[in-house]
Amino acid sequence: MVFIVALAVWAAAFYVMDRYIMSAQGLPVGADMMPL
Amino acid sequence: MIRIKPKTALIATFAVAVLFLPEIALATGADTGGVLEGAPQPTRADYPQIGGISARTLAWGLAQMHLFLAAFVLAVPLFSIATEFMGVVSRDDRYDNMAREFMKITMAAYSLTALVGGGLALALFLFYPHLMGYMMKVFRGQTLIYAALFGLESITLYVYFYSWDALRHGNRKWVHMSIGLLLNTVGLSLMFIANAWTSFMMSPAGVDAAGAITGSVWEATRNPLWNPLNLHRFLANIAYGGAIVGGYSAYMFLAEKKAETKAHYDWMGYTSNFIAILGFLPLPFAGYWLMAEIYSYSQQMGITAMGGILAWLFIIQAVLIGTIMLAANYYLWSGLMRTDRGAQYTKYVKYIAFVIVCGFLVWVTPHSLILSAQELQVLGGTHHRLLGPLGIMPAKNTAVNLMLVFTFLSFQMFYRSSRVPTVSWARAGNTVIIALYIVGCMNIVGAGIYGYITPTVYKVGASVPQVVSTLMIILGSVLIDSFMLRGAKSEKIHWGRMHERSQYALFVLPVAFTWLMGLMGYIRSSLRTHWHIYTIMKDNSPEAYIPTIGQAGNTITAVTLAFMAVMVFVFWLSRLGATKQAAPAGQE
C-alpha cells in the first residue's frame, strides 16, 4: 500500500515539475506537436 | 624623523591596494588615449621562427601542462579546507590530518605550476608578440592584478600549510581556516581572470568588429562564455583534484606495509573518490550549458564543435567518461567488503553494472558511421537503421542521467552497509526511496522519448527535467536517509580491508581525467579555427589550421604522460618527506 501511494505521489511530483520547467522555458506542453 | 612600524606599513599597503586595485582591474576604455585602434593583423613574416621549433605545439604543450598543474593546485585547497572544517565539526583529528596531507601533495606541485606558467608566458610573448601585445592592451591593469594575486596566492599557500600545527586548536583554528579561505578566494580569482582571457579569445566583448577597444576591462572580462567556462572549470577542478589525491592514496596504500597506515590511506582513497564523484556528477550539465552558450554565441562555432570532424572526439570523450564511471563504481563496489553487511548488497551490483554498461554503449554510439564504400553499400547509408537513433542527444542525455543515478546508488549502498536504521518507519522509508528511484528513472526515460517526437527546441528543453529528475532522486534519497539513519546502529568499517586491484581503479581516474581534459581543451581551442581572437584577429602563422586528430592525439598523450611522470615524482617526494632514516647503531 505504501509503495502504491509513494509511486502515485512521486509521479504527481515529477509531472508537476516537468510541466513547470517546460513552461518556464517558454515551451508549454500541449503546444509541442508542431510539424517536424 | 617619523618611524613607521613594519606592521603599520603592511596594513597601509594592503589598504591602498584594496582601494586602488579594483580601479586598475576594471579600467575603462578612456585610458587608451581615446584613439580607436583595431586589433593588429600580423602577416606570416611577423611570426618569429626559431629553428625548427613548432611554436604552436610548444605553446600548446606548456599551456596544457600548466592547466593540469594549476587545476590540481587550485582544487586541493578547496576540499582541504572543507575537510579541515569537517574535522572541527566532528572533533575527529583524522580529518585534520588528512586535510594537511592533501596540502602536502599540493606544496610539491606548486612551484612546478609557476615554473610551467612562466615558460608558457615566455613562449607566447616570443612566438606570438602581436597577439600578446593586443591582449595586454585589452586587459591592461588586470594583468598586474593577476601578478599581484599570484604573489598573494604563494604567500597564503605557504602560511596556510606551514601554520597548520601552530594554529591547530581553539580560536587559532578559525584563524587558520580564515587563511585557507583567503587562499581559496585568491586561487579562484586567479582562475576567473585566466578564464576571462581564454573566453575573450573565443567570444570577444568590449571591442568593436575591428578589435578597437570600446569598453572597459570588465566588459571584456564578462564576455558571453566567461561564466559557463568558470563553472565548468570550477567543477572539473574539484573532480580532477579528488582523482589525483585518490591516485596518491592508492600509491601509498600499495607502498605501505603496516595495517594501520594502509587503513589510513584506504580511508583517504575513499574520501578522494567521493570528492571526485561529487565534482563529477554535475559536470556533464555544466558542459551542456557551456556548449549551449557556444551555440547561442555563434552557431557556426557550435557546428564546428558538434557537427564536423571534432564531433568524433565527443565519442572518445564518451569512452573516457564511461571508463571513469566504471572505475569509480568498481571502486565503490569493492568497498562493500569493508563492512560485514556489505555482502548482502553485492547481489545488486550486476544490475547496476548492466545499466552503466548499457548507458556507456548508448553514449558511444555515433549518429552516423565512418564506413568504407563497400560497407556503405551494404548498409545503404551512414545511418544505421536501429542504432542510428541512439546517436542523438535525447538518447545520450537519458544514458548519462541514468549512469549518474546508478553511480549514486553504488555510493548509497556503501554508506547504508555500515548503518542499520532503528526508526520504526524504516521499512516504509525504504519503500518510498525505491518508488522515488522507479518514478525518477521512468521520468528520465520518458523525457528522452519525448525528445524524439517533438521539434528540436522541445528536445533541448526536455533535457532540463532530466537533469532535475536526477538531482531529485539524489537529494530526495539523501534527505530521507538523513532522517531514517538518525540514531542508526553503526557497523564497524574495516578500513584497509580492500583487495589491491581496487586501488588500480583509483589510478585509472586521474589518467582518464587528464587525457580527457587534454582532449576537450583541444576541441575548445580548435573552435576558433584560423582566428587568434574569433572574428577579430586572424592567425596568419604557418600553423593556422586545426591540427589533425592524429597529431592532437599524439600531443595530448605526450603531455598526459609527462604530467603523470610529474605526479609520480610528486607522490614519491611526499613519501620521501615522511621517511626518517634510522640512526646508526651507537648514536641512538
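Student: What percentage of the 36 residues in chain A do buried residues make up?

Tutor: The model is a predicted one, and within it the secondary structure of chain A comes to one helix and zero strands. The accessible surface of this chain is about 2500 Å², with 77% of that area belonging to carbon and sulfur atoms. Of the 36 residues in chain A, the share that is buried comes to 25%.

Student: How much area do chain A and chain B bury between them?

Tutor: The size of an interface is often given as the accessible area lost when the parts come together. Here 20 residues of chain A are in contact with 24 residues of chain B. Carbon and sulfur atoms account for 82% of the area that chain A and chain B bury between them, and the total is about 2000 Å².

Student: How many nonpolar residues are on the side of chain A that touches chain B?

Tutor: Between chain A and chain B the count of salt bridges is zero, while three residue pairs in polar contact are found across the interface, both residues of each being at pLDDT 80 or more. By class, the side of chain A that touches chain B has two charged residues and one polar residue, and its nonpolar residues number 17.

Student: Is B:Gln466 buried or exposed?

Tutor: B:Gln466 is found in helix H18 of chain B, which spans residues 463–484. Leaving aside neighbours within four places in sequence, B:Gln466 is in contact with several residues, including B:Pro394, B:Asn397, B:Ile444 and B:Gly448. Because its relative accessible area is 2%, and the cut-off for burial is under 20%, B:Gln466 is classed as buried.

Student: Why does B:Pro366 count as buried?

Tutor: B:Pro366 lies in the loop between helix H13 (349–364) and helix H14 (373–379) of chain B. Apart from neighbours within four places in sequence, B:Pro366 is in contact with B:Trp312, B:Ile315 and B:Gly391. Burial requires a relative accessible area under 20%, so B:Pro366 counts as buried on account of its relative accessibility of 17%.

Terms used: Residues are numbered from 1 along each chain as its sequence is written. Chains are lettered from A and ligands numbered from 1 in the order in which they are written. This is a predicted model: local features need pLDDT of at least 70, side-chain atom pairs count only at pLDDT 80 or more; totals for chains, interfaces and linings use all residues. Side-chain values use heavy atoms; hydrogens and water are left out. Contact means heavy atoms within 4.5 Å. Buried area is the accessible area (1.4 Å probe) that two parts lose on being put together, summed over both. A salt bridge is a side-chain nitrogen of Lys or Arg within 4 Å of a carboxyl oxygen of Asp or Glu. A polar contact is a pair of N or O atoms within 3.5 Å; within protein, one must be able to donate a hydrogen and the other to accept it, and residues adjacent in sequence count only if both atoms are side-chain atoms. Ala, Val, Leu, Ile, Met, Phe, Trp, Tyr, Cys and Pro count as nonpolar, Asp, Glu, Lys and Arg as charged, and the others, Gly among them, as polar. Helices (H or I, at least four residues) and strands (E, at least two) are DSSP runs, numbered from the N terminus. Buried means under 20% relative accessible area, exposed over 50%, partly exposed in between (1.4 Å probe, protein chains only). Accessible areas come from the Shrake-Rupley method with a 1.4 Å probe; for residues, only the protein chains shown count as cover.
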